[in-house]
Amino acid sequence: MKLYFILAQGLAAVSFLLDLASFQIRRKELVLAALSASTCLLAAQYALLDAWASAAMMLLASLRFLVSSVTRSPRVEQIFLFTATAVFVALPLSSASCLAWLGNCIQTHAAFNASDRRMRLQMMLGSGLWIAHNVHIDAWVSVLAEAGFLLSNCVGYYRFHMAARAPETTSGAPAT
């Protein structure tokens, strides 16, 4: 096995752990910081796999997560969407790059969304596109990492938005 391939899989594995932790955090700013670190690792992984469009989109996503943790400015969101589109147009067109671009754009909108509920739902949709992308380029550890991200996001969504609204009995315990 090539050293680059093994290193790439290791980066994806660490990213997987960050993804699992990210959506179990309540504060959106900390969720976005964990996602920034995770996507930076994935950018390096894609570069090692010679998937340059994917690497560029993930590097942009890492920066986007950092910036969106301090601002929700629509103008800044538009800059990230424009930059993603410019990267997409500048690099060779493929079905993988289309999936990466679309997933990036959906998750860009999610990151700048003021609503935690909508952010999580849009991140789930973007994750589905990244999973399809990773299957397409045979990045199987990244498929697992993104699936872990999706699962963690689903659990976090349930914990913070569905279970929190569950009716309670008079004893204070959730109704069964």
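**Inside the fold**

The structure holds 1 cavity of 30 Å³ or more. On a 1 Å grid over the protein atoms alone, a cavity is a set of points where a 1.4 Å probe fits but cannot get out, while a pocket is an open set with protein on both sides within 12 Å along at least five of seven lines. Lining residues have an atom within 4 Å of a point. Grid points are joined across faces, edges and corners, and a volume is the space filled by probe spheres set on the points.

Keep in mind that this is a predicted model: local features need pLDDT of at least 70, side-chain atom pairs count only at pLDDT 80 or more, and totals for chains, interfaces and linings use all residues. Residues are numbered from 1 along each chain as its sequence is written, and side-chain values use heavy atoms, with hydrogens and water left out.

The largest cavity holds about 80 Å³ of space. Which residues line the largest cavity? They are Asp19, Leu35, Ser38, Thr39, Leu42, Met58, Ala61, Arg64, Phe65, Gln107, Glu146 and Phe149. Helix H2 (28-48), helix H3 (52-68) and helix H7 (140-162) each put at least two residues into that lining. Helices here are DSSP runs (H or I, at least four residues), as strands are (E, at least two), numbered from the N terminus. Sorted by class, the cavity lining has 6 nonpolar, 3 polar and 3 charged residues. In that count Ala, Val, Leu, Ile, Met, Phe, Trp, Tyr, Cys and Pro are nonpolar, Asp, Glu, Lys and Arg are charged, and the others, Gly among them, are polar.

Two of the lining residues, Arg64 and Phe65, also pair up in another way: Arg64 lies over the face of Phe65, at 4.4 Å from the ring centre. The test for a charge over a ring is NZ of Lys or CZ of Arg within 6 Å of the ring centre and within 35 degrees of the ring normal.

**The open side**

Now for the largest pocket, with about 180 Å³ of space. Leu49, Ala51, Trp52, Ala53, Ser54, Leu91, Pro92, Ser94, Ala96, Ser97, His133 and Ile137 form its lining. The pocket lining splits into 8 nonpolar, 4 polar and no charged residues.

Ala96, one of the pocket residues, sits in helix H5. Buried or exposed? Ala96 counts as buried, at 8% relative accessibility; the cut-offs are under 20% relative accessible area for buried, over 50% for exposed, and partly exposed in between (1.4 Å probe, protein chains only). Leaving aside neighbours within four places in sequence, Ala96 is in contact (heavy atoms within 4.5 Å) with His133, His136 and Ile137.

**Aromatic pairs**

There are 3 aromatic pairs in the structure. Rings of Phe, Tyr and Trp (its six-membered ring) pair if their centres lie within 6.5 Å; planes under 30 degrees apart are stacked, over 60 edge-to-face and the rest tilted. Here are two of the pairs:

| Pair | Ring centres | Planes | Type |
|---|---|---|---|
| Tyr46 and Trp130 | 6.0 Å apart | 20° | stacked |
| Phe80 and Phe112 | 6.0 Å apart | 35° | tilted |

Most residues other than glycine have a negative phi. Asp50 has a positive phi of about 60° although it is not a glycine. Asp50 is in the loop between H2 and H3 and counts as exposed, at 57% relative accessibility. Asp138 likewise has a positive phi of about 60°, this time in the loop between H6 and H7.

Finally, look at Leu20 in helix H1 (residues 3-22). Leu20 is partly exposed, with a relative accessible area of 32%. Beyond its neighbours within four places in sequence, Leu20 is in contact with Gly148 and Ser152. The C-alpha atoms of Leu20 and Ala34 are separated by 9.8 Å, and the two residues are 14 residues apart along the chain.
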